[in-house]
Every structure is written in structure tokens, then in C-alpha cells.
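Student: I would like to learn how to read a salt bridge in a protein model. Could we go through it step by step?

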Amino acid sequence: MLGSVFCGPVLADDSMPPAPWAYRQLPDPAQEAKAKALMETLRCLVCQSQSIADSDASIAGDMRSQVRERIAAGEDPEAIRSWLIQRYGDYVSYEPRVSAATWPLFAAPLLLVALAAFLLRKRFTGGQENEA
């Protein structure tokens, strides 16, 4: 009895059928191309190293289905991305946006390059001044 309480959540995932558009392409090739392009830029939350286009995880199938349904309804891919980020967080996108929380990640490499250039310039110009 106690074992079924702990194993229930693990077994519950496999009992659901896949989402309608998880493994089927849209009939319109242009819409499917839009959906595929968007799916390749979204991270599977379970696999983390695969996009939802490549993952076989059930949550990736659900996300593929949602993307295809929204594309078929005429929604803009960026609006779908924003909706998924709102729902699952910034981590779901392989294309991070600059925000108050992420700007240091974008600024740090630039600051390090500027510091390295400053130190190297000082080192090379300092050596020339001593010889003169």
C-alpha cells in the first residue's frame, strides 16, 4: 500500500496518451516549417540538452503540440515563445533575452575583454617607455 503511494506519480506519466500534434506534422508545409523553426529554439525541460523538436519526453511532446496548435491558429512564433517563457520560465528558450536579471551575463564578457585589452596595452606600452 505504501509503495503504491510513492510509485503512483512515476507511473502516472505513462498512462496519458500523447498530445494530438506531438508526433504529427501540420498539413500546411509553411506552418509546419514555422513550427519546426520555433521548436528547435525551445529547450526540453526534462532533457535540458535537447530541443523539444528532438526530445521524446512527454512534456516535449505536449509543448510541440501546443506550438503546432498555436501556429495553425495563426499566432506569431514570437508570441508563442513569450507565452512559453511566461509559463515555464526563461530557461525554456535557447535565445535568452536581456533583462534586469540577465544583463550581467551579457555584459561580463565585454568587460573582461576591455580589462584584458587595458592590461595588455599597459604591459606593452610600459615596456617601450623603459627602453627609451
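Tutor: Let us begin with the general idea: a salt bridge is a side-chain nitrogen of Lys or Arg within 4 Å of a carboxyl oxygen of Asp or Glu. The model shown here is a predicted one, and in it the side chains of glutamate 95 and arginine 81 meet in such a bridge, at 3.5 Å from N to O.

Student: Which parts of the chain does the pair of glutamate 95 and arginine 81 tie together?

Tutor: Glutamate 95 lies in the loop between helix 4 and helix 5, whereas arginine 81 belongs to helix 4, so the bridge ties together parts that are 14 residues apart in sequence.

Student: Is arginine 81 buried or exposed?

Tutor: Buried means under 20% relative accessible area; arginine 81 has 4% and therefore counts as buried, while glutamate 95, at 41%, counts as partly exposed.

Student: What does serine 93 touch?

Tutor: Leaving aside residues up to four places away in sequence, serine 93 touches Thr41, Leu42, Arg43, Arg81 and Ile85. A polar atom of the serine 93 side chain also lies 3.0 Å from the backbone nitrogen of glutamate 95.

Student: How many salt bridges are found in the whole structure?

Tutor: A search finds 4, and one of them joins glutamate 32 and arginine 68, with 2.9 Å from N to O. That pair links distant parts of the chain, for glutamate 32 is in helix 2 and arginine 68 is in helix 3, 36 residues apart.

Key
Residues are numbered from 1 along each chain as its sequence is written. This is a predicted model: local features need pLDDT of at least 70, side-chain atom pairs count only at pLDDT 80 or more; totals for chains, interfaces and linings use all residues. Side-chain values use heavy atoms; hydrogens and water are left out. A polar contact is a pair of N or O atoms within 3.5 Å; within protein, one must be able to donate a hydrogen and the other to accept it, and residues adjacent in sequence count only if both atoms are side-chain atoms. Contact means heavy atoms within 4.5 Å. Helices (H or I, at least four residues) and strands (E, at least two) are DSSP runs, numbered from the N terminus. Buried means under 20% relative accessible area, exposed over 50%, partly exposed in between (1.4 Å probe, protein chains only).
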